[in-house]
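These are my notebook entries on one structure, kept in the order in which I looked things up. Please read them with the model open beside the page.

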Amino acid sequence: MLANALPTLIFYLLAAISLTLAWSVVTGRRILRAAVSLMGVLAASAGLYLLLDSPFLAGVQVLVYVGGIVVLLVFAVMLTRTTELLEDHPTRGRQLLGGAVALTFFGLSYCMMTAPVFANRALTALPKNDVAAIGRALLDTGENGYALPFEVVSLLLLAAMIGGIVIARKPAALVKSEVHHG
Amino acid sequence: MGLASWLILLPFLTALAVLAAPARRPELIRWVSLLGTGAHLVLTAVTTVQFWQLASPDIALAKTATLTKLYLVERIPWFKSLGVDYLVGIDGVTMAMVILTSIIIFTGVLASWNVVVRTKEFFALLLVLVTGVFGVFLSFDLFLFFMFYEVAVLPMYLLIGVWGTGPKEYSAMKLTLMLMVGSAFILVGMLALYHYAGGTTFDLTQLAQHHYPVEMQRWVFPLIFIGFGVLGALYPFHTWSPDGHASAPTAVSMLHAGVLMKLGGYGALRIGVYLLPEGAQYWGLFFMALTTINILYGAFGAIKQTDLKFFTAYSSVSHCGFVLFGVASLNLMGFKGAVLQMFSHGVMTGLFFALIGMVYGRTHTRIIPDMGGLAKVMPWLAVCFYIAGMASLGLPGFAGFVAESHVFMGGFFGNAWSDPLATRALTVIATLSIVVTAVYVLRGLAKVFQGPITDHHFDQLTDATLTEKLSTGILVVTLAVVGLVPGLLIDLIESALLPFVNRLHATGLAVAGHV
Amino acid sequence: MGDFLANHAPTLTHWLVLTSALFSIGIYGMLTRRNAVGVLMSLELCLNAAAVNFVLFNRYLAPTNLGGAERLDGAVMTIFVIAVAAAEVVVGMAIFVAMYAERRTVDVTRLDALKD
Amino acid sequence: MQPLSFILTHAWLIPAIPLLSFLLVGLVLRPVSERLAGAVATLAVATSAGLSWLLAWDFLHLVPHGQPLPSLVPWSAMWLHFQDGFGIAIGTLLDPISVMLLVVVTTVSTLVHLYSTGYMHGEPGYARYFAFLNLFTFSMLGLVLAPNLVQMYVCWELVGASSFFLIGFYFEKPSAVSASKKAFIVTRFADLGFFLGILVLGFYASQIFAALPAVSVAGQQPLDFAFLTRPDVLAQLSGLNVHFLGVGVLTLAAVLIYTGGAGKSAMFPLHIWLPDAMEGPTPVSALIHAATMVVAGVYLVARCFPIFATSGEALTVVMCIGAFTSLFAAVIGCTQDDIKRVLAFSTLSQLGYMMFALGVASFAHPLGYSAAMFHLFTHAFFKALLFLGAGSVIHAVHSNDIWHMGGLRKHMPVTHALFLIATLAIAGIYPLAGFFSKDEILAAALHSGHTVVFGVGLLVAGMTAFYMFRIYFVTFWGDARSEHAHHAHESPWIMLGPMAFLGVLSIGAGFIPIPEWVQLPGSPAEHEGIDLAVAIPSTVLALAGIGLAWLLYGGAPDRANALVAKLGRIYTTIKAKFYFDELYLYVTHSLIFRFVAAPIAWFDRHIVDGAVNLSGWFTRTAGLLLGKLQTGQVQTYGSWLVSGAIAAVVVLWGVLKSGGN
């Protein structure tokens, strides 16, 4: 009895955590605090993946998202530390506009979801999908294999890396001037 | 490749030849284009003779025909899926218009003998424009008709914008935009015609066999008539014509006023009245009234003009009003008058603008009050100017009178679908224009050519050179020949216009009892 | 209490409400955040919500294909989403750094070179 | 009827020769040699004159003496085919009046051509002058021979155009230019009426033509005179119950056509152009504005006489305007100082005479018809002589003003003698031509019961004698009043020759039995020679006029000046032609130009053009407004993006939803 109640409890717990943290990401005055709360949200979603019986994804989530991307964001915050510490509030108009758009989006999707199209299917029990299956799917060059996208993503990552380096490189002129004036 | 296609292709080939000629040698370019247009004149003559041999035997059966009989027809499928094919042919009206255009382009090339700025592009564009015009006159497939219509209208922008004078960009822009609006109307009309006839063919003769529902005709006809009316200087849409002509170089305004404005009248007749008889009957009186304003408005407007080109532009607005008046009177004489007026006004305005170009070339001013007593210095131009003036005010012995008398007779005889009293009243008002035209023509010409020489600079101006004499000479002779022996032209077009009238009577619901 | 929770297990709709809420908050963040990095973070939120959705649909709507073999499309797509998100953050950060070097600010409202 | 001779069937040669010579002289000879051009032109007109004399001779002998002369169209060719059953054929209509006019026009034209070779000697544009003179002769002959209204209208316009070019011959003189413009525009305005008449007649006649059985209209066209003057057609025309402003169709058409005639013959409201037309060279005035063109109006009314007679009211209009004009012109004539203007007004007055002669005529009393034609015949000769005489005087004195002349009797005896003959003729003294034709008219007026008109006629006869002898005495008697007048010398024989010929004609013309030949077809002849009851009073009045003129202007003009001083303002208003010129100028320039043409030009430039520019301005401002949306803020684009997406989804959902159930 307790066993099958637990997932619901955990679901609601995680939902609450991710929503509050998401809200603080978006409205946090201090950008660093926002980064940390983003980390929290991502961790919570890792938990959600677990709930959905896909532990590998949870692992990847934690590894890449939390470990990689959030760290990068923190670096970005550090690198672009601007003089004004506190990020001032967005203008009243912008808030209203953004809020209105977000709310309409949420309202619309809510109506869509409650429409009869999506049957309220409960989670059916499934054998744990092991990591090997995912690995085989990634490299399977057959009919519904994902070899091609896998290669393409690797290409994408490579391009992003090079792009990042090129863009973030200090412009030659700046370098030259700094060399002169010390 | 039959004669009809050659008529369209020859100017285009000349244009290519001109483009191929080295830009450094403008006189070579001029000779090439002159040769091309000269060859075209010969080709037109040959076609006319052949057409006449083919057409004259069955003039009799035109009395009852309700479909235009085409000769020298060439049909090549083009877009099979849409039912569009390259359909080219000749009937009486087309033949008259082709003769007119061929004469005007030949004299136009002669009149622009001293264009020095970028001669190559000028002549190439001019010849492309005229290819479009020939295409329109000769094509009997609505799609092809519209395509050539655009080909004819677009080079105008460049020709006026680059080689024009005065606010040339403004007028070029205005002219092209208004004509585009017009062609938009026409396109909508054509698509309606295509759609309501089952959307299988654009061929004019087949569309004619289809009887369109009366309500459809009632809203499509004004669309097409106004669409073509914009080019034919119908009253409220004529404002591009004074600016456009004033800023255009000589040959361009010759071609434009002389020929392009006739596309309007031609289209209104060939597509508007021919395919939509009930529409024409319904709107006949309205457009007749509008064109009456057109005639008097243009005439009165011309009185106060100080610039020679505006003066002629307004007079062509008035004369084009005759063309549309003839079309709107919906009877044989009206149609004949419209086509005759198209021909005679084409030649007349061509002559007027050629002469203005020559005078401007000498005095470098087009302002009438500044000029005076030029007859002493340039007698040939003065005589030709007076002949053009006399022809435009409808002096018998010139083509103007023949056309105007037809239009007025047609208007006065009225038709079975508009109230006879109204048509007669409108015709009487329209005839007032012969006096007003006389007033502004004589005032203008007397001020410019007669009286003492006002400006001593004009003392040593030279008279017309050989090319100028040739171009004006040809135009004057054409005016006189058609004026003295109208039978030639009338026989050519009468049998072609009978089907139009038979179609009107075949479907017409006679309103007033009428013989 | 336990059985209350048991028979109120979260159905697909609950999940979807959660993910769309997250997504909307992400949108709100993107449209109102002044700091460029903040915008990027909100973007991550949205991407993450979408990734969760993939897994959701895979698990709820198409767990197995006809032959009974388990379908993994959702999971694989999530991996790709995460990969793309990573690439995207790299490029985003590089742009912000370059922007900062150039303009000394990352305040989105002041960076409107797009206008002229 | 005897077979037609060569000239009768080839009457078209008569107008064709001047046309050919016009083209030849105008295009080829003009640059080559002036003198040759003049000679060729004169020769051409002379040959056509000879031909017309021959034609007249043959025509008169077509029918045995005593029978009415026929009216036939020996040659015609389809020219303008309006529609089936309504075409216009050019051709040559030969009947008594057209043959008579052929002779008159060609003879006077030849004499004027001869005279001009002397008068225009050394003038620049000498060949151009002769070219236009030939063009005029051609168009006048075309008009005379016209078998239908449209050919007459065509030649009518050509006559107007050639007179325009000839009046404006000295195109460097601004007054000549404006005079030619005025002449053309006024006559053009009148021709508008003529054209409308043609439209009305054409419409109704073609309806009747279509209704008639084909055999009865074989070879005729609706607008042919032969068809229009047929009694049955006229009956149908007047029977039409179509009324326009209370006026029947026939009367309306007749009056409209009459406006054309009134314009060309300078009847009262449209007379302003004739005095100014004197700006042209004097031989031109002699030919066009005395003998030929101005009588075209009378010829038109005579040609359409049956139409006018059937409508009745139209004839009364013709009579009233004619009578009034003759009186009006005679009054003004007495006050003018320019010799040519006096002659112009006298022409006006004589034309009024002919018009009211036609006006009084009717089917019952056809005398007026032949009297008018007779007067036209005689007037052409002595008025041409008067103008040529005035020309030779002006040639000698180099001025038109009679007060610069005086005492020319001694210096120019031949001109003086011929001028005297012509003056006596116009005054209507016994043996000369004027007497016979004027009395015919007065007799016609009296016998047809129009006594008022008869009285006016008598009064005008007296005044004519007065103003003619006024200028005669002032010019030829008294002492020379200017340098030129002192040593004026006689004109060369080339000018005096034609004048002498005209002199003979002025004397002899009275005895030619025109009234006998020219009979109104189909009505009893009413001619019985000189009617003493009319002859005596008119001669007495004429002599009284001469006496009064001698009294006032014979010796020194002090008595005349005293009278002028006494009359004061009345005299000046009459002299200024009752200010009609200024009135017309005011109406056209300030009223029409300022209140019609200028507003239209302004309206076009601002309102209609404005509308187009407005649409241009509208598109531009719309563009600007939309531009403002581009704030550059990424986030605004973001929000537009998302809301756009939402809207799309909503629409799609809506469509699916409605589509679904």
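The entries below go from the chains and their contacts to helices and then to hairpins.

**Ground rules.** I am working with a predicted model, in which local features need pLDDT of at least 70 and side-chain atom pairs count only at pLDDT 80 or more, while totals for chains, interfaces and linings use all residues. I number residues from 1 along each chain as its sequence is written, I letter chains from A and number ligands from 1 in the order in which they are written, and I take side-chain values from heavy atoms, leaving out hydrogens and water.

**Which chains touch.** I looked up contacts, meaning heavy atoms within 4.5 Å, and found that among the four pairs of chains that touch, chains A and C have the most contacts. Chain A and chain B share no contact, and their closest C-alpha atoms lie 39 Å apart. Chain B and chain C do not touch either, with their nearest C-alpha atoms 27 Å apart.

**Chains A and C.** Here 84 residues of chain A are in contact with 73 residues of chain C. The size of an interface is often given as the accessible area lost when the parts come together, and I use buried area in that way (the accessible area, with a 1.4 Å probe, that two parts lose on being put together, summed over both). Chain A and chain C bury about 7400 Å² between them, with 78% of it on carbon and sulfur atoms.

I then searched for salt bridges (a side-chain nitrogen of Lys or Arg within 4 Å of a carboxyl oxygen of Asp or Glu). The count between chain A and chain C is one, and A:Asp53 forms it with C:Arg59, the closest N and O atoms being 2.9 Å apart. Over all chains, the whole structure holds 20 salt bridges.

**A helix pair.** Helices (H or I, at least four residues) and strands (E, at least two) are DSSP runs, numbered from the N terminus. Helix α2 (residues 31–51) of chain A packs with helix α3 (residues 36–60) of chain C at an angle of about 5°, their axes being 10 Å apart; axes are lines fitted to C-alpha atoms, for helices over the stretch in contact, and angles run from 0 to 180 degrees between N-to-C directions. Angles under 35 degrees count as roughly parallel, over 145 as roughly antiparallel, 65 to 115 as roughly perpendicular and the rest as oblique, so α2(A) and α3(C) are roughly parallel to each other.

**Chains D and A.** I found nine residues from chain D and nine residues from chain A in this contact. The area buried between them is about 770 Å², of which carbon and sulfur atoms give 84%. D:Ser639, D:Ile646 and D:Trp653 supply 55% of the area that chain D buries against chain A, more than any other three residues. The count of salt bridges between chain D and chain A is zero.

**Hairpin in chain B.** Two strands pair if DSSP finds at least two bridges between them, and strand β1 (residues 71–79) and strand β2 (residues 84–90) of chain B pair in the antiparallel sense over six bridges. They form a hairpin with four residues between them, and B:Gly83 in the turn has a positive phi of about 80°. B:Asp85 in β2(B) stands opposite B:Pro77, and the side chain of B:Asp85 also meets that of B:Arg75 in a salt bridge (3.3 Å, N to O). B:Arg75 lies in strand β1 and B:Asp85 in strand β2, so the pair ties together parts that are 10 residues apart in sequence.
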